[in-house]
Amino acid sequence: MQTPFISLCMIVKNEANFIEQCLKSVKGLVDELIVVDTGSTDQTVNICKRFNAKVYEYQWNNHFADARNFGLSKAKGDWILWIDSDETLDYKKHNLIKDTISKTKALMIYLPVINYYGDNLPVKPEHAYIYYQPRIFKNHLGIKFYNRIHETPQLPKNNLSDNNNEYIEAPIHHYGYIKEVSNRKEKSKRNLQLLKQEIKTPHHNPWNEYHLASEYYRNQEYQMAFELLNKSILNFLLQGLKPPAMIYRLKYAILVETNSFEGACPGIDKAIELYPDYVDLHYIKGIILFHMKNYEEALIAFEKCLELGEDHKEYLITKGFGSFYAQKYKNLCLEQLKT
């Protein structure tokens with residue numbers, strides 16, 4: 001069976017520090033490189049051209065989805081892979097990707113994105129969040145990107161079905177949340193500007209408050225982040241929607257960061273009722289109980305984490321919360337209960 005033609009689509013600006021390793025990670029997998037440049041003044045464009053990329057200049061309009069959709073309009077492939085320059089694809093999974101798109105009936109393929117956190121490069125593999133995203137999709141079917149920032153591809157409304165999605169273990173490694181990288185690119189400043197603009201739009205997506213809260217959280221502005229998370233929850237409810245699990249995860253993580261353990265306890269149980277199989281919520285509950293010296297119930301929470309593990313494609317999972325971190329706190333609980 002002939003492997004379908006794959007186009008890589010990406011948008012760039014002054015990415016000379018990362019772009020080469022990104023493009024090397026997809027070499028041999030993709031048949032066409034579509035690069036939308038929004039105003040690079042470094043060697044980004046020259047590096048891309050060394051990889052035979054088709055580079056298109058684009059007037060930046062503070063809208064990521066628009067820029068991505070411009071790139072899609074130039075792509076000839078049967079399938080689109082989209083990736084950012086501060087990411088790399090696991091090259092050992094090229095054959096898995098090729099086999100999947102040759103056989104699948106799905107229209108969108110979700111890959112695990114491993115988002116590393118910490119102060120500096122190189123990364124520590126244990127410092128990561130894992131979240132599956134639709135990074136490969138069928139071209140020429142009207143799939144487009146939406147949202148000014150934190151843009152995501154979406155199927156046309158007449159094509160919405162769970163059968164259109166497939167999940168495979170072909171990781172993308174993302175380094176953009178490392179402080180050294182984020183500060184160099186002034187990502188937080190840019191993101192805050194775009195998100196503040198977006199939440200002024202009537203009937204905007206409640207995800208925007210969550211993403212804005214995430215930026216304030218990374219800047220350790222916890223009060224502002226907490227208020228935005230509550231607004232996000234309220235706005236989802238007003239739209240008749242169940243607030244996503246990661247909103248509650250961040251809300252209670254903030255209460256842990258600020259040592260607000262007493263206030264966190266009743267609420268996190270309600271969040272767990274909504275998402276009983278979300279390991280991160282059970283782990284945060286265990287941390288709350290541990291700091292309140294309720295070691296028996298904390299032990300139960302950490303044992304639940306180990307039972308659930310970390311293979312949950314529908315959630316943002318913190319590496320270790322269903323394994324080594326949970327085991328560490330289980331052991332600490334057992335030590336306390338012996339004394």
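This is a predicted model: local features need pLDDT of at least 70, side-chain atom pairs count only at pLDDT 80 or more; totals for chains, interfaces and linings use all residues.
**Stop 1: a pocket**

Select Leu-23, Val-26, Lys-27, Gly-28, Val-30, Asp-31, Glu-32, Leu-33, Phe-51, Asn-52 and Lys-54, the residues that line the second largest pocket. The space inside this pocket comes to about 160 Å³.

**Stop 2: the cysteines**

How many disulfides does a search of the whole structure find? The search returns 0. For Cys-22, the nearest cysteine sulfur belongs to Cys-48 and is 8.6 Å away. Then jump to Cys-305, also in no disulfide, where the nearest cysteine sulfur is that of Cys-333, 10 Å away. Cys-305 is buried too, with a relative accessible area of 0%.

**Stop 3: a cis peptide bond**

Next, zoom in on Leu-121 and Pro-122. The peptide bond from Leu-121 to Pro-122 is cis, and its omega is near -5°. You will find Pro-122 in the loop that runs between strand 6 (108-116) and strand 7 (128-138).

**Stop 4: two positive phi angles**

Select Gln-220, in the loop between helix 7 (207-218) and helix 8 (222-238). Gln-220 is not a glycine, yet its phi is positive, at about 65°. Is its side of the story buried or exposed? Gln-220 is exposed, with a relative accessible area of 57%.

Move on to Asn-259, in the loop between helix 9 (245-257) and helix 10. Here phi is near 60°, again a positive value in a residue other than glycine. Asn-259 is exposed, at a relative accessible area of 56%.

**Stop 5: helix 10**

Finish by selecting residues 261-274, which form helix 10. Its 14 residues reach 20 Å from the first C-alpha to the last, close to the 20 Å expected at 1.5 Å a residue. Where does helix 10 bend? Look at Gly-267, where the bend is about 30°. Gly-267 is also one of the buried residues of helix 10, a list that includes Phe-261, Ala-264, Cys-265, Ile-268, Ala-271 and Ile-272. An α-helix has 3.6 residues a turn, so residues three or four places apart point the same way.

Technical notes. Residues are numbered from 1 along each chain as its sequence is written. Side-chain values use heavy atoms; hydrogens and water are left out. A disulfide is a pair of cysteine sulfur atoms within 2.5 Å. Buried means under 20% relative accessible area, exposed over 50%, partly exposed in between (1.4 Å probe, protein chains only). On a 1 Å grid over the protein atoms alone, a cavity is a set of points where a 1.4 Å probe fits but cannot get out, and a pocket is an open set with protein on both sides within 12 Å along at least five of seven lines; lining residues have an atom within 4 Å of a point. Grid points are joined across faces, edges and corners, and a volume is the space filled by probe spheres set on the points. Helices (H or I, at least four residues) and strands (E, at least two) are DSSP runs, numbered from the N terminus. The expected span of a helix is 1.5 Å times one less than its number of residues. The bend at a residue is the angle between axes fitted to the seven residues ending there and the seven starting there.
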